[in-house]
Amino acid sequence: MQNIRMLQQQVNSLITQARQDIYSISATSDPTAKQVKLQRIWDALTSIQFLNDLLAAHAASSIAPANDRPPMNTMPAGQPISPTAANPAVAVPNQTFTIQDLANYDGKNGRPAYVAVSGVVYDVTNNRAWAAATHFGLVSGRDYTQEFASCHAGQQSILATLPVVGRLI
């Protein structure tokens, strides 16, 4: 129950921030400031969508017995995720990472924070959802293909907001 309240408070905080950003956009003529505010609104909406999915999953698990639970945002079994299926519009740079290489990009001691999803490595260093190089207990420097599929299936717009830095081999 305390986790639910914490998620609700986080959603309310994000909504308040988005409202302030919308007001700021209407009051400024600076195109750079508008772009920064629009990016923050985009990030806030992405986080709100994620938190909404968490709340819905929690509500479903508290209502249905474990055997009767419908799958929440899961990929169909047996369908591997390929980089092009995950985000067909992504141009992947030639830089390649092994899983060991990726572990070096943990966002600590000034290092950038990278994560991989479906064979594509993304830079989450400046992403608000990955503050302190963590995201809801996940730490940067790892492959989160399965986690993304279980929480964000069909929400490729989340990945579209992240800079692509290479490919996981």
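The largest pocket of this protein has a volume of about 350 Å³, in a model that is predicted. Here, a pocket is an open set of points on a 1 Å grid over the protein atoms alone, where a 1.4 Å probe fits, with protein on both sides within 12 Å along at least five of seven lines. The volume is the space filled by probe spheres set on the points, which are joined across faces, edges and corners.

A word on reading the model: residues are numbered from 1 along each chain as its sequence is written, and side-chain values use heavy atoms, leaving out hydrogens and water. Local features need pLDDT of at least 70 and side-chain atom pairs count only at pLDDT 80 or more, while totals for chains, interfaces and linings use all residues.

**The chain as a whole**
- The protein chain holds 6 helices and 6 strands; these are DSSP runs numbered from the N terminus, helices being H or I with at least four residues and strands E with at least two.
- Starting at the N terminus, the elements run α-α-α-β-α-β-β-β-β-α-α-β.
- Of its 169 residues, 33% count as buried, meaning under 20% relative accessible area with a 1.4 Å probe and protein chains only.
- The accessible surface comes to about 10,300 Å², and carbon and sulfur atoms account for 55% of that; such areas come from the Shrake-Rupley method with a 1.4 Å probe.
- Contacts (heavy atoms within 4.5 Å) between residues at least 6 apart in sequence join residues at least 24 apart in 69% of cases.

**The largest pocket**
- Its lining has 23 residues, and Trp 130, His 135, Phe 148, His 152 and Ile 158 lie nearest the centre; a lining residue has an atom within 4 Å of a point.
- Helix H2 (31-63), strand S2 (114-117), helix H5 (145-152) and helix H6 (157-160) each supply at least two lining residues.
- By type, the lining divides into 15 nonpolar, 6 polar and 2 charged residues. Ala, Val, Leu, Ile, Met, Phe, Trp, Tyr, Cys and Pro count as nonpolar, Asp, Glu, Lys and Arg as charged, and the others, Gly among them, as polar.

**The second largest pocket**
- This pocket has a volume of about 210 Å³, and its lining includes Val 36, Arg 40, Asp 123, Arg 128 and Pro 163.
- H2 gives the largest share of this lining, 4 residues.

- An open sheet of 4 strands has the order S1-S6-S3-S2, with mixed pairing; two strands pair if DSSP finds at least two bridges between them.
- Strand S1 (96-97) and S2 are at the edges with a single partner strand each, so one side of each has no neighbour in the sheet.
- S2 and strand S3 (residues 120-123) run antiparallel and are joined by 4 bridges.
- The hairpin of S2 and S3 has 2 residues between the strands, and Ser 118 takes a positive phi near 55° there.
- S3 also pairs with strand S6 (residues 164-168), antiparallel over 3 bridges.
- Val 120 has Arg 167 as its bridge partner in S6.
- On S3, Val 120 and Tyr 122 point one way, Val 121 and Asp 123 the other, and all are buried.

**A closer look at Tyr 114**
- Tyr 114 lies in strand S2 and is buried, with a relative accessible area of 11%.
- Leu 102 is 12 residues from Tyr 114 in sequence and 6.9 Å away in space, C-alpha to C-alpha.
- Not counting residues up to four places away in sequence, Tyr 114 touches several residues, among them Phe 97, Leu 102, Val 121 and Val 165.

How values were computed
Buried < 20%, exposed > 50% of the residue type's maximum accessible area, 1.4 Å probe, protein only.
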